[in-house]
Amino acid sequence: MKIKMKKIGKIAAVLVALSVLAFASCGTKNPEISAEIPGWDLVFQDEFDEFNAENWSYQNWEPGTVNAELQKYTDSPENVYVKNGALVIQALKDEGGRYKYTSGRLISFQKKEFKYGRFEARIKVPSGRGFLPAFWLMGNESGYGQWPRCGEIDIMEVMGHDTKTLYTTIHYGSDISRDARQGQGVTSGETDFAKDFHVYACEWDPGEIRFYVDDSLVHTENRWYTARSFNGKRQPYPAPFDKKMYIILNLAVGGSWVGNPDESTKFGKNARMLVDYVRVYQRQGGYDEMEANCVEPEAAFNPKRSEDGNIILDISEKNFGNGAGQWRYLQTQGGNGDASIKGGAICVETKNAGSVDYSLQIVQGEIPLRKGSEYTFSFDARADEARKISAALKEQVAWKAFFQQTVNLTTENQHFKYTFTVNGDSDDNARLEFNFGAFGSTANVYIENVKLTKND
């Protein structure tokens, strides 16, 4: 899907506290699921009784076209076919062929495009390292230009080696090289998304996009922007999410985010993305009134955070959640835990440290940093026992660090203070992150009084 964050930690972030939800199973294949939703009109559906070329085109991309993916997308009936009332997208080893892997990618571009609505699909995802199934929307580039200016809404991405974690994301911005942005939602629980079908949906209204799994709300976004050039004038909000978008269904193999298959990866039935149906609804009564009343949220990008010049939002219940620029707790790569506000501090409780330093993170995005400027970064921190964490300020495309430091904590509250200069390009969307992953100890950590000020 274009460039991802280090996922959690590919691009500029907006987003999301971890929600621990145990979703109920959606049952076996092809039950009688009503297509009626009160207050909504069904404007498109494909129940996949057969392949309908009036709805879908094949996007036969070469390996490496995006994200260093390994597969060749084809129109072969071995990679894309309909069976037992479901669309099957099958990843295959290309035994004896010119490619390592083949798979399928369908788009509704110039066939079925929509402005606003509820987009819903019932899907069973594959399991296995290197698989990345996705159900998503891409903006028609006739609106604002090439990605990410045209906007992208990722309704479902599940990495094959971590099928208990769902990613919901928006991409937007003004330039692919430095300023692409994204929102990211993560849900996790006991549910394994590869073991059964689940209904993944987003409701896209003027000024707000909400993501659901099995009718449980998991993530909301209402802040974004676009411009037709890197330093160009921003288009009126809610651009780019005020133009038609088309639907994409694909199964990627390997790449810079999900990683490549290894000896543990099994193909065959494990490598199939099954789609029971895709449905699109629009609100009864239309969207004219919602568009007329759509205004950008008060918290504009790069706000002056406080009177003392602190660029970082203070630690409070109000500022901890899933909004753009808020404090957010994220976990990946086997990390498991929780975060909460206790006595004016963020408390991070680790149950499993995961396999990398960023397996558990507290982050805040939309931090403006200027080329050549000096900054002072400080915070107070302690732990229930001596342990290490790391702190960093990074740009969110290649994850280059403007500042990065490993910190030794004790049981006594300590004040940490650092000065750094931005030697690279200016960045309107740098991200502050505290990392609590694979440092050895899983002791609880408490962080407070975080401050970042520009010194000139």
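## A tour of the aromatic rings

A search of the whole structure turns up 24 aromatic pairs. Keep in mind that this is a predicted model.

**Stop 1: F48 and W56.** Select these two and show their side chains. The ring centres are 6.2 Å apart and the planes sit at 25 degrees, so this pair is stacked. Stacked means planes under 30 degrees apart. Are these residues buried or exposed? F48 has 1% relative accessibility, so F48 counts as buried. W56 is also at 1%, so W56 is buried too.

**Stop 2: W224 and F241.** Now jump to this pair, which is edge-to-face, with 5.0 Å from centre to centre and 80 degrees between the planes. Both W224 and F241 lie in the loop between β19 (216-221) and β20 (245-253), so the pair ties together parts that are 17 residues apart in sequence. Colour by accessibility if you like: W224 is buried, at a relative accessible area of 0%, and F241 counts as buried at 0% as well.

**Stop 3: charges over rings.** What sits over the ring of Y212? Select R118 and you'll see: its charged end is there, 5.6 Å from the ring's centre. Finish with R382 and Y446, where the charged end of R382 sits over the Y446 ring, 4.1 Å from its centre.

Technical notes
Residues are numbered from 1 along each chain as its sequence is written. This is a predicted model: local features need pLDDT of at least 70, side-chain atom pairs count only at pLDDT 80 or more; totals for chains, interfaces and linings use all residues. Side-chain values use heavy atoms; hydrogens and water are left out. Rings of Phe, Tyr and Trp (its six-membered ring) pair if their centres lie within 6.5 Å; planes under 30 degrees apart count as stacked, over 60 as edge-to-face and the rest as tilted. Buried means under 20% relative accessible area, exposed over 50%, partly exposed in between (1.4 Å probe, protein chains only). Helices (H or I, at least four residues) and strands (E, at least two) are DSSP runs, numbered from the N terminus. A charge sits over a ring if NZ of Lys or CZ of Arg is within 6 Å of the ring centre and within 35 degrees of the ring normal.
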